[in-house]
Amino acid sequence: MKFGLIKERKSPPDRRVVFSPSELVEVVKRFPDAQFVVESSDIRVFSDQEYKDLGFEVSDDLSDCDVLLGVKEVPIDALIPNKTYFFFSHTIKKQSHNRALLQACLDKNIRLIDHETLVDENGKRLIGFGRYAGIVGAYNGFRAFGIKYELFNLVKAELLLHKEDLIARLSRPYLPPVKVILTGHGKVGMGAKEILDGMKMKQVSVEDFLAKVFDVPVYAQIDVTDYYKRIDGTAVSKSDFYKNPELYESNFERFSREADIFIAGHFYKTGAPKILSQAMLNGAHNQIKVVADISCDIDGPIDSTIRTSTIADPIYGYYPRENKEVSIEHPAAVVVMAVDNLPCELPKDASEGFGESFIEQVMPAFFNQDKDGIFSRACVTENGELTEKFRYLEDFLVEK
């Protein structure tokens with residue numbers, strides 16, 4: 001089977017890749033029937049020469065490859081008909097800006113497997129960049145705090161190479177005794193936790209976070225049972241929340257009254273209740289000064305996330321009284337960091353971490369007849385049609 005590593009063509013440029021040069025060596029060692037061609041790229045974090053030095057073909061022509069592996073959306077005019085593609089298509093939630101891309105996959109008879117749809121039999125994601133989104137997002141949250149209050153000016157994460165470099169910058173004694181609240185225990189939340197623990201920030205219990213004053217920076221990590229409550233006042237359980245989100249409402253205001261920085265690393269499903277509302281941020285007792293929204297869901301659970309931001313311009317001010325964007329220098333502004341492609345700022349580490357997971361979780365399915373059903377669950381389009389699991393996208397395709 002012949003695989004092609006495609007050049008990332010989306011703008012702004014994305015320097016990530018599915019496999020680093022050394023990981024390709026590992027893939028071929030473990031799966032001798034796998035052949036690879038690397039599409040020439042002048043932006044990839046690993047140079048063409050690094051692949052060539054390890055014996056891999058670098059070419060501008062991938063037309064004889066069976067499977068094409070990328071990271072972000074492939075421009076329509078770059079799609080090669082009748083191929084199998086793996087990339088983040090950003091179509092399965094009916095994202096309108098990619099409607100034409102999904103239609104093109106059907107028109108060009110492309111078998112599309114979205115990295116996001118690669119799940120196990122329990123629906124758990126197998127691969128992704130969530131950990132690195134959490135790592136960079138936490139760093140950016142502290143960077144935003146320093147800029148807002150002119151306390152320190154951390155360099156952008158994209159100018160550093162590794163997670164350890166970010167931690168080294170944060171480990172200097174910059175911070176006053178702030179309180180940080182972190183949501184989520186998935187890959188994103190735990191990635192953010194790596195930064196907090198790496199910089200030796202003290203973790204405290206929810207009870208202490210809410211009740212005590214500290215003379216050092218502290219953080220608490222919370223989950224749905226902490227920041228949601230049942231409307232009827234009965235006991236909260238995680239399983240019940242996931243089954244019946246409409247029966248819940250936010251219980252986050254008790255944290256917004258105590259936290260200086262909110263790092264949002266939770267998973268959000270459309271239809272779930274708000275977590276942090278405009279009213280909370282506009283409340284007389286609100287203490288939140290920075291929202292680092294790693295999850296970055298527009299019109300989602302965090303009202304201050306009114307738009308995505310960019311790596312080039314990662315922060316903006318939110319004025320809760322009028323629910324609008326203002327300068328971060330506005331005295332009542334809450335600073336929002338809502339970059340939606342955070343792993344791009346740490347492309348080497350992110351690529352290597354993604355490739356490691358792809359080797360372990362996905363590559364075997366190419367050579368064992370997909371015995372665990374990974375590809376059959378993940379395939380979005382095939383033979384010019386939406387697969388049964390993704391037929392719900394039919395009405396999306398006909399929308400204007």
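Quick heads-up: what we're looking at is a predicted model.

Who's doing the touching? From α4 we have Arg131, Ile135, Val136, Tyr139 and Phe142, and from α5 it's Lys163, Leu166, Arg169 and Leu170.

Now the sheet. It's open, with eight strands and mixed pairing, and the order goes β8-β9-β7-β12-β13-β16-β14-β15. At the edges sit β8, residues 202-203, and β15, residues 324-326, each pairing on one side only.

Let's zoom in on one pair. Strands β7 (residues 179-183) and β9 (residues 218-222) run parallel, joined by five bridges. Leu182 is the one standing opposite Gln221 in β9.

Which helices go with this sheet? Helix α6, residues 187-198, packs on it and touches β7, β8, β9 and β12, with its direction at about 165° to that of β9. And α4 is back: residues 130-148 lie across β7, β12, β13, β14 and β16, running at about 155° to β13.

Last stop, α12, residues 347-361. Its 15 residues reach 21 Å from first C-alpha to last, close to the 21 Å expected at 1.5 Å a residue. Buried residues here include Pro347, Ala350, Phe354 and Phe358. What do the buried residues of α12 pack against? That would be α1, β4, β5, α4, α5 and α13, so our opening pair shows up again.

Terms used
Residues are numbered from 1 along each chain as its sequence is written. This is a predicted model: local features need pLDDT of at least 70, side-chain atom pairs count only at pLDDT 80 or more; totals for chains, interfaces and linings use all residues. Side-chain values use heavy atoms; hydrogens and water are left out. Two strands pair if DSSP finds at least two bridges between them. Helices (H or I, at least four residues) and strands (E, at least two) are DSSP runs, numbered from the N terminus. Contact means heavy atoms within 4.5 Å. Axes are lines fitted to C-alpha atoms, for helices over the stretch in contact, and angles run from 0 to 180 degrees between N-to-C directions. The expected span of a helix is 1.5 Å times one less than its number of residues. Buried means under 20% relative accessible area, exposed over 50%, partly exposed in between (1.4 Å probe, protein chains only).
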